[in-house]
Amino acid sequence: MATIGYANLPVPGGGDAPTWPAALADLATAIDPHLWQQVTNKAQRDSLYAGAPVGTAVTAANGSLWIKTVAGSNTWATIWEPLESWRAITPASGYQAADYAPVCRIDRGQVHLRGRLQRVDGTVFPLSGVKIASVPADCRPTAYGNWAGGSSIAGDPSIGVGRLEVLGPFSSTSLGVAGDIIWYSQDGSGVPWVDLSGYYWLD
């Protein structure tokens with residue numbers, strides 16, 4: 001059977017036997033991987049198209065577009081996705097939201113955070129390595145996340161910046177486990193609040 005086009009679509013010629021049902025089935029099967037498949041969400045994409053060939057394009061009603069990059073597994077290139085809503089970060093025991101609620105969201109492989117934390121009893125943060133919060137399970141990095149976090153300069157602190165770290169599966173310490181946010185500071189005798197604004201990579 002002859003083929004035409006860049007997709008090598010099978011088209012029966014005059015010399016082919018008159019097996020039209022089979023020929024139409026072959027043509028439909030060849031066309032199918034080149035159509036834009038439609039789903040309601042990412043979960044349905046993963047359920048229906050895990051075994052799809054490389055290059056399969058899947059769209060969702062919210063405008064999301066993904067292209068399959070590995071056959072036989074749910075490995076996709078994200079062409080576009082709308083920003084997800086902000087989600088709550090869970091304060092550690094003894095800590096609570098300050099002026100701005102601590103939240104996070106994922107955007108193209110990065111986790112972005114914002115908001116502030118303070119101690120429930122109104123005292124200052126410990127100086128050396130303390131767990132202050134935890135991110136949702138799907139926001140845990142495969143290695144670790146690390147960035148500079150702002151802090152109050154009320155009292156005797158003079159820098160107003162410390163180190164924030166989100167632990168990964170291989171960076172867990174006595175201070176916490178994967179997904180925990182750790183605050184490190186040596187500024188004065190301690191700060192009354194910490195700002196979480198920053199981002200880190202998931203991979």
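The model is predicted, so local features need pLDDT of at least 70 and side-chain atom pairs count only at pLDDT 80 or more, while totals for chains, interfaces and linings use all residues. Residues are numbered from 1 along each chain as its sequence is written, and side-chain values use heavy atoms, with hydrogens and water left out.

R45 is found in helix α2. Helices (H or I, at least four residues) and strands (E, at least two) are DSSP runs, numbered from the N terminus. R45 counts as buried because its relative accessibility is 6%; buried means under 20% relative accessible area, exposed over 50%, and partly exposed in between, with a 1.4 Å probe and protein chains only.

The strands β3, β4, β5 and β6 form an open sheet of four strands in the order β3-β4-β5-β6, with mixed pairing. Two strands are taken as paired if DSSP finds at least two bridges between them. At the edges of the sheet are β3 (36-39) and β6 (75-80), each of which pairs on one side only. From one strand to the next, the twist averages 30°. Helix α2 (residues 42-49) packs on this sheet and touches β3, β4, β5 and β6, and its direction makes about 125° with that of β3. For these angles, axes are lines fitted to C-alpha atoms, for helices over the stretch in contact, and angles run from 0 to 180 degrees between N-to-C directions.

Within the sheet, β4 (residues 57-60) and β5 (residues 65-70) pair in the antiparallel sense over three bridges. A57 has I67 in β5 as its bridge partner, and V58 has W66 in β5. A hairpin is formed by β4 and β5, with four residues between them, and G63 in the turn has a positive phi of about 95°. The pairing of β5 and β6 is antiparallel as well, over five bridges, and K68 stands opposite W76 in β6. This second hairpin also has four residues between the strands, and G72 there takes a positive phi near 80°.

The loop between α2 and β4 holds T56. T56 is buried, because its relative accessible area is 3%. A polar atom of the T56 side chain lies 2.8 Å from the backbone oxygen of P53. Setting aside neighbours within four places in sequence, T56 is in contact with P33, Q37, W66, I67, K68 and W76.

A nonpolar core is a set of buried Ala, Val, Leu, Ile, Met, Phe, Trp, Tyr and Cys residues joined through side-chain atoms within 4.5 Å. The largest one has 24 residues, of which L113, I132 and I181 touch the most other members. At least two residues of this core come from each of β10, β11, β13 (130-134), β15 (161-166) and β16 (180-184). The most are given by β13, with three residues. Another core, of seven residues, lies apart from it and has V39, Y49, A52 and W66 among its members. Residues up to four places away in sequence not being counted, L113 touches W86, I89, V103, C104, V135, W147, I181, L196, S197, G198, Y199 and Y200.

H112 is placed in strand β11 (residues 110-114). H112 counts as partly exposed because its relative accessibility is 24%. The side chains of H112 and Q110 are joined by a polar contact of 3.2 Å. A polar contact is a pair of N or O atoms within 3.5 Å; within protein, one must be able to donate a hydrogen and the other to accept it, and residues adjacent in sequence count only if both atoms are side-chain atoms. Not counting residues up to four places away in sequence, H112 touches W86, V103, C104, R105, D107, G198 and Y199. The C-alpha atoms of H112 and W201 are 9.0 Å apart, although the two residues are 89 apart along the chain.

In the loop between β10 (103-107) and β11 lies R108. R108 counts as exposed, because its relative accessibility is 69%. Its phi is near 50°, a positive value in a residue other than glycine.

A disulfide is a pair of cysteine sulfur atoms within 2.5 Å, and by this rule the count comes to zero. C104 is in no disulfide, and its nearest cysteine sulfur, that of C139, is 3.9 Å away. C104 counts as buried at 0% relative accessibility, and C139 also counts as buried at 0%.

Note on methods: Contact = heavy atoms within 4.5 Å.
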